[in-house]
Each structure stands twice: as C-alpha cells, then as structure tokens.
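Me: I have a protein model to go through. Can we take the labels one by one and check each against its rule?

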Amino acid sequence: MFSKKTYTERRRILKEKVGKGIILFFGNDESPMNYTDNTYHFRQDSTFLYGFGIQHPGLAAIIDIENDKEIIFGDDFTIDDIVFMGPKPTIVERAELCGVANVLSISKLGEVL
C-alpha cells in the first residue's frame with residue numbers, strides 16, 4: 001500500500017476530471033474453487049486498488065463529488081474468519097490508511113445510492 005497522500009491525490013484528480021455526480025467502485029469478492037471456504041488467492045479489482053489501495057474482499061466505494069464525500073462500504077471479517085486467519089485490520093482501520101473517513105456496511109450501499 002502506498003501513502004495516504006497518494007490515494008487522496010488520485011481521487012482528487014479523478015473528481016476534478018469527472019466534475020460532478022457520484023463515482024461508484026466495486027471491489028472483487030472471493031472466488032471459490034470447489035466450495036465456499038476453498039478460494040483462489042484473492043486479487044482486488046485494479047481500479048478499486050488504484051483509488052483506495054485496500055486488499056479486502058466484498059468492498060465497494062463511492063465518491064460523491066458534489067458533496068465532497070467518500071465512503072467505503074464493507075464488512076469486517078467474522079469471528080469464524082479471525083479464528084482461522086488470525087487478527088486482521090478492520091475496514092475502518094484500512095480506510096484510514098487511504099484517507100477515507102466514512103465507512104458503512106455493504107448493506108447500506110443501495111440506501112446511499
């Protein structure tokens with residue numbers, strides 16, 4: 001992951017070029033090989049990675065240009081995931097690293113749009 005300044009600058013340039021409206025980004029989900037818990041190595045969507053730098057499945061983000069607001073939507077790993085993988089940073093912690101202050105559950109995406 002690059003510095004927070006890198007991601008905030010990339011998003012600032014994008015906002016200037018687009019000018020108005022809402023920009024929607026979808027990250028990738030995990031892709032199972034033969035059953036849900038046996039997945040291929042996770043690879044985040046390149047556009048999402050370029051703008052936000054977060055390697056975590058099941059994320060989406062919006063940039064609301066007119067209201068100057070950026071929101072990342074996603075859910076933290078469950079306790080079952082943590083038992084298997086060990087402690088991982090929360091979505092809020094990851095969002096702070098790329099300069100995004102607003103985080104909501106993925107279930108709120110449709111409501112916000």
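Me: Why is isoleucine 72 called buried?
Reply: This is a predicted model. Buried means under 20% relative accessible area. Isoleucine 72 has 0% relative accessibility, so it counts as buried.

Me: Which element holds isoleucine 72?
Reply: Isoleucine 72 sits in strand 5, which covers residues 69-73.

Me: What makes a residue a contact of isoleucine 72, and which residues does it touch?
Reply: A contact needs heavy atoms within 4.5 Å. Leaving out residues up to four places away in sequence, isoleucine 72 touches Phe52, Ile54, Leu59, Ala60, Ala61, Ile91, Ala95, Cys98, Val100, Asn102, Val103 and Leu104. Take Ile91, one of these. Isoleucine 91 is 19 residues away along the chain, and the two C-alpha atoms are 8.2 Å apart.

Me: How do you know that the radius of gyration agrees with a compact globule?
Reply: Compare two values. For 113 residues, a compact globule would have a radius near 13 Å. The protein has 15 Å, which agrees. Its C-alpha atoms fill a box of roughly 45 × 30 × 20 Å along the principal axes.

Me: What share of the protein is buried?
Reply: Buried residues are 30% of the 113.

Me: Which helices and strands does the protein have, and in what order?
Reply: There are five helices and six strands. From the N terminus they run α-β-β-β-α-β-β-α-α-β-α.

Methods:
Residues are numbered from 1 along each chain as its sequence is written. This is a predicted model: local features need pLDDT of at least 70, side-chain atom pairs count only at pLDDT 80 or more; totals for chains, interfaces and linings use all residues. Side-chain values use heavy atoms; hydrogens and water are left out. Helices (H or I, at least four residues) and strands (E, at least two) are DSSP runs, numbered from the N terminus. The radius of gyration is taken over C-alpha atoms; the globule rule is 2.2 Å times the number of residues to the power 0.38. Buried means under 20% relative accessible area, exposed over 50%, partly exposed in between (1.4 Å probe, protein chains only).
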